[in-house]
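Work through the exercises below with the model open. Try each task before reading its solution.

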Amino acid sequence: MKKTDLIIFFSALALFGTLWLILSLRHTAGSEVVVSVDGVETAVYPLDTDLTVEINGYDGGSNTLVISDHQAKITWADCPDHSCVHQKAVSADTETIVCLPHRVVVTVRSGEENGIDALTR
Amino acid sequence: MHSQGRRGVRHLALLAMFSALAMILSYVEILLPFSFGIPGVKLGIPNLITLLILYLEKGTGKNAALVRLTDAGIVLLIRIVVTGLLFTNVYAILYSLAGGLLSLVCMFLISLSDRIGIPGCSVLGGITHNLGQLTVAMFVVSQLKIWYYFPILLFFGTLTGFALGILAYMIISRRGVRDYYDRFFEG
């Protein structure tokens, strides 16, 4: 145990603290949920309407996405590890739920930064 | 010649023992629910073996630096592939391999330095493990967004890395362990 060990330990924690602070300062409420499968955006749902929908993941996998009370959550999946089901519900901008076996990424976005997209859609 | 062969056998037996120990620790890690619902968070107990190989051999000066790297690498590969096939799936093997190999190279380079001790080495090993994992995961889902997990992985990687590093330091500094390791190659 040397002094450098403590320096490394505390600077790693400081780096975490900084990243966390930046993320929470940018913390804004999200307005829509974007679903992407294998890198391709497949669906966008508004956060303010309750909804239960099936996501068809990569390789025939399937996940159930539930939006209720301004929060999105994956409640069921037929993958072996179920880590997406155990992840907490997301509601703020950039918060993400990932299902690695099905290559499904569910991201919340605020929807304000792409105003032009919203117009053309 | 004769003694060289005998030493080779002992070396092989030692690697086999380390591999078995690493596999048991992997299993213990699977049994302990520590992830808090965050994918990729784990204790990293098997990393204890990598630290032991790198630093025990360094401390006793029995083997050249490159031998330490290949020893730790062989044990790591055996552990990840065998426990991966036994308990998880091919993708989990891929993530573990990426994280494990990256952190092994990082920890090996650090172990060459005398200015950084075992806990610091373990912390940086934990962080690079997370970096490797996230990089593979990013390519699997083709999404940059996955780096959203980095801060939280960094936090847990630092804490568990430090704790395990101190544990490894405590094990290695015990006289009995060193004596046993010394005697293993003699006689």
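Predicted model: local features only at pLDDT ≥ 70, side-chain atom pairs only at ≥ 80, totals over all residues.

Residues are numbered from 1 along each chain as its sequence is written, and chains are lettered from A and ligands numbered from 1 in the order in which they are written.

**Exercise 1. Work out the strand order of the open sheet of four strands in chain A.**

Solution. 
- Start with the terms. Strands are DSSP runs of E, at least two residues, and helices are runs of H or I, at least four, numbered from the N terminus. Two strands pair if DSSP finds at least two bridges between them.
- Take β1(A), residues 32-37, and β2(A), residues 40-46. They pair antiparallel over six bridges. A:Val35 has A:Ala43 as its bridge partner in β2(A).
- Check the hairpin. Two residues lie between β1(A) and β2(A), and A:Asp38 takes a positive phi near 55°.
- Move to β7(A), residues 104-109. β1(A) pairs with β7(A) over six bridges, again antiparallel. A:Val37 is bridged to A:Val104, and A:Val33 stands opposite A:Val108.
- Find the edges. β2 and β6 (96-99) of chain A each have a single partner strand, so one side of each lacks a neighbour in the sheet.

**Exercise 2. Describe how α3(B) and α4(B) cross.**

Solution. 
- General point: two packed helices are described by the angle between their axes and the distance between the axes.
- Read the values. The axes of α3(B), residues 65-87, and α4(B), residues 90-112, come within 10 Å and cross at roughly 160°.
- Classify. α3(B) and α4(B) are therefore roughly antiparallel (angles over 145 degrees).
- List contacts (C-beta atoms, placed from the backbone, within 7 Å). Among them are B:Leu69 and B:Leu76 of α3(B) and B:Leu97 and B:Phe108 of α4(B).

**Exercise 3. Which elements of chain B give two or more residues to the side that touches chain A?**

Solution. 
- Count first. 26 residues of chain B are in contact with 29 residues of chain A.
- Assign them. The elements are α5 (118-141) and α6 (150-172) of chain B.
- α5(B) gives the largest share, eight residues.

Definitions and conventions:
Contact = placed C-beta atoms within 7 Å. Axes fitted to C-alpha atoms, helices over the stretch in contact; angles between N-to-C directions. Parallel < 35°, antiparallel > 145°, perpendicular 65-115°, else oblique.
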